[in-house]
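Work through the following exercises with the sequence and the 3D structure at hand. Each task is followed by a solution in steps.

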Amino acid sequence: MNTTTLPLRSHVVSNAGAVFDQMATEYDQIFTDSLIGRAQRDAVWNVLTRTFQRDDNILELNCGTGEDAIFLSNKGVSLFACDASEQMIAIAEQRLRDQSSSLPVVFCHLPTERIKELNPESMFDGAFSNFSGLNCIEDLGAVAVALTDLVKEGGHLLFCFSSRFCLIEVIYYLCRGRWQKALRRWNGYTVATFGDLKLPVYYPSLQQIRRYFAPHFTLCSCIGVGVAVPPSYCEKWARRHRGLFRVLCHLEKIIAPLPGFRLTGDHILLCFKKVSK
């Protein structure tokens with residue numbers, strides 16, 4: 001397993017870190033273990049296992065409670081997994097201790113904005129970020145520059161962003177007369193409120209994301225996640241209509257990769273490849 005020098009511990013808590021500290025104990029119940037969360041994650045995992053192979057050494061950003069890291073490490077992939085939330089990392093580390101065998105994972109409390117401070121023994125084979133962690137980053141260009149120095153040539157980035165336009169969300173909120181909520185993503189920026197904390201959330205377009213990661217990373221694939229499967233706030237509906245939900249899950253597999261649909265889902269899953277300078 002690649003040895004990575006850890007940056008000095010920060011006493012500064014990021015907005016994202018503070019928000020997700022509050023959510024940490026309930027996050028798995030609300031999303032990870034929900035019908036919708038499981039369906040959306042399975043779609044990501046289907047691509048994840050084709051992108052990274054046994055003995056790869058991967059940098060994970062915004063790892064949350066460690067669900068993806070544990071899954072990948074059980075496939076023989078080594079991970080250095082970071083998150084801005086200290087509480088999320090604590091849960092991830094406990095999850096790792098609960099495993100029946102030793103797994104090649106190191107969890108680190110580190111905001112994505114500070115990954116440039118990492119000093120790995122050798123460059124990573126790729127990087128991964130799931131479910132909108134990168135939507136909390138104002139300067140994606142700086143992240144791309146840092147990854148240029150951390151990921152080896154030919155390595156892949158697999159990133160799951162919240163999309164700029166989610167058709168189901170628009171319909172859902174317009175039917176409830178909440179037009180501001182229906183259109184909240186369209187201008188590329190909103191502010192989410194969690195108790196007394198506010199978190200800026202960015203919704204870059206596909207064109208903007210490609211521009212941020214050029215010229216060192218080129219886009220290889222783009223599929224939708226949550227195109228037919230609704231967003232997580234529809235969980236109660238999904239549990240009441242399990243038969244219809246299963247139909248939507250099957251439909252998702254058909255339409256999510258199609259050009260006319262893949263940018264209309266709750267998320268977009270992008271795979272980049274690092275090319276020579």
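Helices (H or I, at least four residues) and strands (E, at least two) are DSSP runs, numbered from the N terminus. The model is predicted, and local features need pLDDT of at least 70, side-chain atom pairs count only at pLDDT 80 or more, while totals for chains, interfaces and linings use all residues. Residues are numbered from 1 along each chain as its sequence is written, and side-chain values use heavy atoms, with hydrogens and water left out.

**Exercise 1. Backbone geometry in loops**

Task: Locate Asp55 and state whether it is buried or exposed.

Solution. Step 1: Asp55 sits in the loop between α2 and β2 (57-61). Step 2: its phi is near 75°, a positive value in a residue other than glycine. Step 3: burial follows relative accessible area (buried under 20%, exposed over 50%, partly exposed in between; 1.4 Å probe, protein chains only). With a relative accessible area of 65%, Asp55 is exposed.

Solution. Step 1: Ser132 belongs to the loop between β6 (124-129) and α5 (140-150). Step 2: Ser132 is not a glycine, yet has a positive phi of about 75°. Step 3: its relative accessibility is 14%, so Ser132 counts as buried.

Task: Which residues does the cis peptide bond with omega of about 5° join?

Solution. Step 1: this cis bond joins Ala214 and Pro215. Step 2: Pro215 is placed in the loop between α8 (206-213) and β10 (217-225).

**Exercise 2. Packing of two helices**

Task: Describe how α2 and α10 are placed relative to each other.

Solution. Step 1: two packed helices are described by the angle between their axes and the distance between the axes. Axes are lines fitted to C-alpha atoms, for helices over the stretch in contact, and angles run from 0 to 180 degrees between N-to-C directions. Step 2: the axes of α2 (residues 35-51) and α10 (residues 242-255) come within 11 Å and cross at roughly 15°. Step 3: α2 and α10 are therefore roughly parallel to each other (angles under 35 degrees count as roughly parallel, over 145 as roughly antiparallel, 65 to 115 as roughly perpendicular and the rest as oblique). Step 4: Leu35, Ile36 and Ala39 of α2 make the contact with Arg242, Phe245 and Cys249 of α10, where contact means heavy atoms within 4.5 Å.

**Exercise 3. Salt bridges**

Task: How many salt bridges does the count come to?

Solution. Step 1: a salt bridge is a side-chain nitrogen of Lys or Arg within 4 Å of a carboxyl oxygen of Asp or Glu. Step 2: by this rule the count is 11.

Task: Which parts does the pair Arg41 and Asp68 tie together?

Solution. Step 1: the side chains of Arg41 and Asp68 form a salt bridge at 2.8 Å, N to O. Step 2: Arg41 is in helix α2 and Asp68 in helix α3 (residues 67-73), so the pair ties together parts that are 27 residues apart in sequence. Step 3: both Arg41 and Asp68 are buried.

Task: Where in the chain do Asp266 and Arg185 lie?

Solution. Step 1: their side chains meet in a salt bridge (2.6 Å, N to O). Step 2: Asp266 lies in the loop between α10 and β11 (267-274), and Arg185 in the loop between α7 (179-182) and β8 (189-194), so the pair links distant parts of the chain, 81 residues apart. Step 3: Asp266 counts as buried at 7% relative accessibility, and Arg185 at 4%.
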